[in-house]
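Biologist: I would like to learn how to read a few features of a model. Please take them one at a time.

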Amino acid sequence: MPEAPEATIGILALQGAFAEHQTRLQNLRLKRRIITVLVKGPEDLLLCDALIIPGGESTTIALLARLSGLLEPLKEFVRKKPVWGTCAGAILLSQSVTNAKKDGQELLGGVSVDIARNGWGSQVESFEAPLSVTDLPDPSVPFMGIFIRAPVVLGVSPEAPIQVIARLPPHLLPEPIEDDNDPRTIVALRQGLHLLTTFHPELTKDDRFHDYFARKCVFPTVPM
């Protein structure tokens, strides 16, 4: 019986936690083989079926992308192929950003949300929280979300086909609220082939979000 075709997942490797994402992908044990590529230039992006944009500093990543000739190719890639943004990557995938630096924030778009940079404040406000995620393998086991200078989702376009994957309890928000459905409680969502998480799955030893991205977003786009 012929082997299933490989899928190549790139990790944008300009700044941030790209090495950790690569380790998590390489630890997956799936029926289809995943090849990882560290994307540092347009020629690397051409090899990829999908892309992960890691946590780091969103304005720095955008600046380095422009300097390396990647900004416009990334925008085109987002329009056609699966992309997952974590923390800073989530900011870059959003359609608008609040609390941008005074020089502005270049965005790639792709996910119809408004997001706020550093929604919980400085790094000393970083925290961890167990998340209930029904779409992951072993859903009865909480996923530990690591929030480091994490962004906050302020709003979601009502016309967009967005699936909320995980929420924080409202009392853990910077300004505690009572509404469980407030968009600020959203910490993981999917829109089509794109995945957005405001926390850092790559900093845990739990591979389930990487498993989810591969199986639900990437493999359906790589023909058998």
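Modeller: First, the ground rules. This is a predicted model, where local features need pLDDT of at least 70, side-chain atom pairs count only at pLDDT 80 or more, and totals for chains, interfaces and linings use all residues. Residues are numbered from 1 along each chain as its sequence is written, and side-chain values use heavy atoms, leaving out hydrogens and water.

Biologist: Which residues have the most contacts inside the largest nonpolar core?

Modeller: In soluble globular proteins, nonpolar side chains tend to be buried together. A nonpolar core is a set of buried Ala, Val, Leu, Ile, Met, Phe, Trp, Tyr and Cys residues joined through side-chain atoms within 4.5 Å. Buried means under 20% relative accessible area, exposed over 50%, and partly exposed in between (1.4 Å probe, protein chains only). Here the largest core has 34 residues, and I9, V133, F147, F199, F209, F213 and V218 have the most contacts inside it.

Biologist: Which element gives the most to this core?

Modeller: Helices (H or I, at least four residues) and strands (E, at least two) are DSSP runs, numbered from the N terminus. Helix α6 gives the most, with six residues. Elements giving two or more residues include β1 (7-12), β3 (50-53) and β10 (162-167).

Biologist: What does V218 touch?

Modeller: Contact means heavy atoms within 4.5 Å. Leaving aside residues up to four places away in sequence, V218 touches A7, I9, A50, P82 and F213. A second, separate core has 32 residues, among them V37, I61, L71 and F77.

Biologist: Is D211 buried or exposed?

Modeller: D211 is found in helix α6 (residues 208-218). D211 counts as buried because its relative accessibility is 13%. Beyond residues up to four places away in sequence, D211 touches L28, L30 and P137.

Biologist: Which residues does the UniProt "binding site" annotation cover?

Modeller: UniProt positions are given in the numbering used here, feature names are shortened, and annotations may be inferred rather than shown by experiment. The unreviewed entry lists G56, E57, S58, R117, I148 and R149. They spread over 94 residues of sequence but cluster in space, with a largest C-alpha distance of 13.1 Å.

Biologist: How do R117 and I148 sit?

Modeller: R117 lies in the loop between β6 (111-116) and β7 (127-131). At 7% relative accessibility, R117 counts as buried. I148 lies in the loop between β8 (143-147) and β9 (152-156). At 26%, I148 counts as partly exposed.
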